[in-house]
Amino acid sequence: MLVLQISIKGYTASFRSPASMNYQESLPFPPPTTITGIIGAATGREYFEAQNYCRDLSFGVHIQENEGMAKDAWAIKKVKDGGRSIGKAVVIREVLYRPNIILLIVGPETKLKEIEKAISDPCFPLSLGRDDEFITFIQSELETAERVEKSVIHNTVVKGDLQGKINITALSEGSIPHFKTYWLNSEFDRDKRNPKVRRPRNRSPYTYISEPVEYSGEAVAVSDTVFPLWR
């Protein structure tokens, strides 16, 4: 099967976990909505157009490396007194240093070729997380992938219930690795009163697999790297 493999690097990135407030934890990987935003910026589509465009695509992510983590203090505006006034507050935001990510896209061949062409000459600047965290390197290539039923995965993301899909002891004798799960939305709705406001929907658990484990879910292999797929 044909897939589109995209290598992405940047100086910084922050993918805010929606569960964090005053301390804004960053996910170690780009969430589905960020991937949709990158495809939309490359192809010249506003977010909701890009969301419709991506509905027949599946994604896989492999984190090559995040060289470090920084914490940045931010002053933000905060609604107070039930919306009657606006004050200020300080939040701490985690920032990934020099992220190096491989994104895999699976879908109709014509769409993969369209995205590959757009990545080489994007309509708008491409960023990771915030608008000013620009992607400094991006390269896409159509590759041949093979579906695999059982494989070893690591530094990647699995969506949904992991029960029965991973074996956490087979490759880690003497220790039991623990993995963090994030509840993320894959899409947004427009707010009925204010169409400029996005409302999250389609929340699902996404687990970052940071250590090698045996995996028996939907996945494809490109060269020696296995990508669990999700949409």
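This note sets out numbered points on the strands, a helix, the nonpolar cores and several single residues of a predicted model.

1. **Basis of the values.** The model is predicted, so that local features need pLDDT of at least 70 and side-chain atom pairs count only at pLDDT 80 or more, whereas totals for chains, interfaces and linings use all residues. Residues are numbered from 1 along each chain as its sequence is written, and side-chain values use heavy atoms, with hydrogens and water left out.

2. Helices (H or I, at least four residues) and strands (E, at least two) are DSSP runs, numbered from the N terminus. Two strands pair if DSSP finds at least two bridges between them. Strand β5 covers residues 85-106. Its pairing with β4 is antiparallel and extends over 21 bridges, with Glu-65 opposite Asn-100 of β5. The two strands form a hairpin with 4 residues between them, and Asp-81 in the turn has a positive phi of about 55 degrees.

3. **Further pairings of β5.** Strand β1 runs antiparallel to β5 and is joined to it by 6 bridges; here Gln-5 has Leu-104 as its bridge partner. Strand β2 (residues 12-13) is also antiparallel to β5, through 2 bridges, and Thr-12 is partnered by Tyr-97. Strand β3 (residues 23-24), by contrast, runs parallel to β5, again with 2 bridges, and Gln-24 stands opposite Arg-93.

4. **Helix α1.** This helix spans residues 32-43, has 12 residues and reaches 17 Å from its first C-alpha to its last, close to the 16 Å expected at 1.5 Å a residue; the expected span is 1.5 Å times one less than the number of residues. Of its 12 residues, 11 are buried, where buried means under 20% relative accessible area, exposed over 50%, and partly exposed in between (1.4 Å probe, protein chains only). Among the buried residues are Pro-32, Ile-35, Ile-38, Ile-39 and Thr-43. Gly-44 follows the helix and has a positive phi, near 80 degrees.

5. **The nonpolar cores.** A nonpolar core is a set of buried Ala, Val, Leu, Ile, Met, Phe, Trp, Tyr and Cys residues joined through side-chain atoms within 4.5 Å. The largest has 35 residues, of which Phe-29, Ile-39, Phe-59, Val-61 and Ile-105 touch the most other members. Two or more residues come from each of β1, α1, β4, β5, α3 (109-120), β11 (180-190) and β12 (198-209), and α1 gives the most, with 5 residues. A second, separate core of 11 residues includes Ile-153, Ile-166, Ile-209 and Tyr-215.

6. **Ile-105.** Which residues are in contact with Ile-105, leaving aside its neighbours within four places in sequence? With contact taken as heavy atoms within 4.5 Å, they are Val-3, Leu-4, Ile-6, Ile-39, Leu-57, Ser-58, Phe-59, Leu-112 and Ile-115.

7. **The open sheet.** Three strands form an open sheet in the order β7-β14-β15, with antiparallel pairing. Strands β7 (146-148) and β15 (225-228) stand at the edges and have a single partner strand each, so one side of each is left without a neighbour in the sheet. The twist averages 35 degrees from one strand to the next; axes are lines fitted to C-alpha atoms, for helices over the stretch in contact, and angles run from 0 to 180 degrees between N-to-C directions. Strand β14 (residues 219-222) is joined to β15 by 4 bridges, and Ala-219 stands opposite Pro-228.

8. **Asp-72.** This residue lies in strand β4 (residues 58-80) and is partly exposed, with a relative accessible area of 33%. Beyond its neighbours within four places in sequence, Asp-72 is in contact with Val-91, Ile-92, Arg-93 and Val-95. Its side chain makes a polar contact of 3.0 Å with that of Trp-74; such a contact is a pair of N or O atoms within 3.5 Å, and within protein one must be able to donate a hydrogen and the other to accept it, while residues adjacent in sequence count only if both atoms are side-chain atoms.

9. **Positive phi within strands.** Arg-98, found in β5, has a phi near 50 degrees, a positive value in a residue other than glycine. Its relative accessibility of 33% makes Arg-98 partly exposed. Asn-202, found in β12, has a positive phi of about 60 degrees although it is not a glycine. Asn-202 is partly exposed, at 42% relative accessibility.

10. **Ser-204.** This residue of strand β12 is buried, with a relative accessible area of 16%. Leaving aside neighbours within four places in sequence, Ser-204 is in contact with Lys-159, Tyr-182, Trp-183 and Leu-184.
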